[in-house]
Protein chains: 2
Amino acid sequence: VLVDGHAETGLPLDDRGLAYGDGLFETIRFVAGRAPLWTGHMTRLARGCRRLRIEVPSKDQLLAEAQQIAGSERDAVIKIIVTRSSGRGYAGDKDATARCMIMARSLPGIDANAYRHGVRLRWCALRLSMQPALAGLKHLNRLEQVLARGEWRDPRIYDGLLCDQEGEVVSATSANLFIVRRGVLLTPKLDRCGVAGVARATILRRAAYFCRVREARLRVDDVDSADEIFLSNAVRGIVPVRALARRRFRLGPVTRRLGYTLAGLGIGLPPANGS
Amino acid sequence: VLVDGHAETGLPLDDRGLAYGDGLFETIRFVAGRAPLWTGHMTRLARGCRRLRIEVPSKDQLLAEAQQIAGSERDAVIKIIVTRSSGRGYAGDKDATARCMIMARSLPGIDANAYRHGVRLRWCALRLSMQPALAGLKHLNRLEQVLARGEWRDPRIYDGLLCDQEGEVVSATSANLFIVRRGVLLTPKLDRCGVAGVARATILRRAAYFCRVREARLRVDDVDSADEIFLSNAVRGIVPVRALARRRFRLGPVTRRLGYTLAGLGIGLPPANGS
């Protein structure tokens with residue numbers, strides 16, 4: 001692990017990331033020494049730092065350190081945590097420099113069938129709180145996701161979908177959600193809660209070349225009646241959904257096309273050819 | 001610093017407190033080796049652990065370690081952080097034992113005049129998100145408080161009051177709020193957001209001996225038109241409020257009586273005799 005560029009085994013116990021979750025993180029897929037979505041991760045991190053008024057770390061230095069840790073492995077995952085350093089009290093030190101931690105993670109082991117034929121989801125009972133000041137950011141306050149993920153233990157359920165306090169659908173606990181309805185690709189607006197995923201941004205851009213794309217307020221019924229559903233995540237890529245509670249979905253043409261696109265970048269596996 | 005009872009200088013970098021804010025904390029006033037509100041802190045910590053399904057740490061061991069660090073100093077503050085230990089992914093390890101960190105903090109230096117004559121507050125622009133699943137807990141997800149405290153730098157302003165997304169008053173950024181209206185002591189209900197303070201619980205119990213006490217939904221107008229206002233905090237005790245934005249308040253009899261009560265426990269200083 002590198003902390004501010006130096007090999008360390010521990011974090012200072014007065015770090016504000018621990019005390020208050022006062023920071024941000026990125027989990028970045030490296031493929032043989034290169035990170036296909038690097039620019040997206042750095043854009044989101046910089047935006048988050050500006051929103052939280054944390055010093056924006058040097059991209060060049062982060063890249064050098066991340067590459068050093070990732071090496072040239074085919075499948076590497078790097079986690080970057082940026083905190084408002086040390087300092088007591090909510091006020092923090094106006095002139096604090098950010099603290100950057102960079103560490104290796106192993107690639108989550110996902111059954112190839114998940115990519116090929118889709119996964120099963122459930123609805124979570126927990127409703128996400130709404131905080132426009134933090135919406136979209138990948139910040140370190142993730143207790144809601146921990147609580148939501150604690151709602152089930154059945155390993156056959158890949159992830160759970162979350163609504164906000166007003167009943168609008170937001171995302172899965174660790175992935176963004178897309179649905180296809182009459183050829184239009186829709187994903188929840190993330191102006192009140194949720195994390196604006198880097199894979200999500202890539203998908204919105206790429207899909208615009210071949211279909212209509214819209215960020216929208218989606219209700220449970222919209223998802224239940226969708227033609228296609230898939231999840232997106234910058235490490236795992238596109239994962240098609242074949243079941244949501246009692247509903248069944250087919251692996252359709254939009255999901256397939258985008259699945260091939262992400263898999264082509266080295267992120268995730270392509271879906272099956274037939275549905 | 002003690003981590004699980006051993007002297008350590010650093011925290012494992014995969015601790016879930018850092019990764020997700022997946023844990024709780026207590027900041028406890030020790031007065032010459034004793035913590036007057038110890039029971040309240042342990043009750044809240046245990047309740048929080050049960051709500052988050054984190055193993056409840058041994059109170060006896062926490063007390064022994066906290067006393068070891070606090071020593072017999074007249075003015076000591078001990079911070080306890082309990083996290084769901086290490087472990088990747090929101091799911092966490094069902095059987096993980098909690099990790100306990102205990103560290104010394106210095107007593108915040110507050111002007112004696114703050115206790116004697118009251119402090120000045122402002123209204124914060126940030127509105128707290130509402131999450132009944134986390135309401136009342138002193139968990140590690142405190143970015144909203146950091147953002148709210150970042151709204152002002154004027155050192156003459158002691159703290160800021162926060163409303164929730166629906167406009168109900170909740171608390172200050174680092175203290176609970178009480179108002180007195182026609183002899184009734186009122187404090188915001190904390191079933192949707194906020195931290196249920198240990199000093200707050202003590203005050204609600206003690207005040208019931210001499211006046212009517214109620215947890216209520218309070219609007220800005222209720223606070224603006226109050227007869228008395230004060231803040232409570234387990235480390236700083238009762239701090240009277242003399243100004244909130246452009247409004248002025250007197251240091252009244254209920255505030256005075258409760259201020260003496262907390263100061264009598266060694267927490268904070270007594271208010272001035274005259275207003």
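**Entry 1: Arg53(B)**

I started at Arg53(B), which sits in the loop between H2 and helix H3 (59–70) of chain B. This is a predicted model, so I am reading computed geometry throughout. Is Arg53(B) buried or exposed? I get a relative accessible area of 66%, and since exposed means over 50%, Arg53(B) counts as exposed.

Next I looked up what Arg53(B) touches, leaving out residues up to four places away in sequence.

**Entry 2: where chain B meets chain A**

I noted 59 residues from chain B and 59 residues from chain A in the contact. The area buried between the two chains comes to about 4,400 Å², with carbon and sulfur atoms giving 63% of that. On the chain B side, Leu13(B), Tyr90(B) and Leu143(B) lose the most area to chain A, and together they make up 19% of what that side buries.

How many salt bridges does the rule find across the interface of chain B and chain A? I got zero. Polar contacts are another matter: 18 residue pairs turn up across the interface, both residues at pLDDT 80 or more.

I then went through the elements that give two or more residues to this side of chain B; they include strand E3 (10–12), helix H1 (16–20), helix H2 (38–52) and strand E7 (119–128). H5(B) gives the most, with six residues. By class, I have 25 nonpolar, 17 polar and 17 charged residues on the side of chain B that touches chain A.

Strand E3 of chain A is joined to E3(B) by three bridges, and the two run antiparallel. Leu11(A) stands opposite Leu11(B) there.

**Entry 3: the open sheet of chain B**

I traced a five-stranded open sheet in chain B, in the order E2-E1-E6-E5-E4, with antiparallel pairing. Which strands stand at the edges? Strand E2 (6–7) and E4 do; each has a single partner strand, so one side of each is left without a neighbour in the sheet.

At the E4 end, E4(B) and E5(B) pair in the antiparallel sense over eight bridges. I picked out one bridge there: Gly23(B) has Thr83(B) as its partner in E5(B).

Last, I went to strand E14 (residues 237–244) of chain B, where seven of the eight residues are buried. I took its pairings one by one.

- E7(B) pairs with E14(B) in the parallel sense over three bridges, and Arg120(B) has Ala243(B) as its bridge partner.
- Strand E13 (residues 228–233) pairs with E14(B) in the antiparallel sense over four bridges; Phe230(B) is bridged to Pro240(B), and a hairpin of three residues joins E13(B) to E14(B).
- Strand E15 (residues 247–248) pairs with E14(B) in the antiparallel sense over two bridges, where Ala243(B) stands opposite Arg248(B).

Key: Residues numbered from 1 in each chain as written. Chains lettered and ligands numbered in written order. Predicted model: local features only at pLDDT ≥ 70, side-chain atom pairs only at ≥ 80, totals over all residues. Heavy atoms only, no water. Contact = heavy atoms within 4.5 Å. Buried area = accessible area lost by both parts, 1.4 Å probe. Salt bridge = Lys/Arg side-chain N within 4 Å of Asp/Glu carboxyl O. Polar contact = N/O pair within 3.5 Å; in protein donor to acceptor, adjacent residues only side chain to side chain. Nonpolar A, V, L, I, M, F, W, Y, C, P; charged D, E, K, R; others polar. Pairing = 2+ DSSP bridges. Buried < 20%, exposed > 50% of the residue type's maximum accessible area, 1.4 Å probe, protein only.
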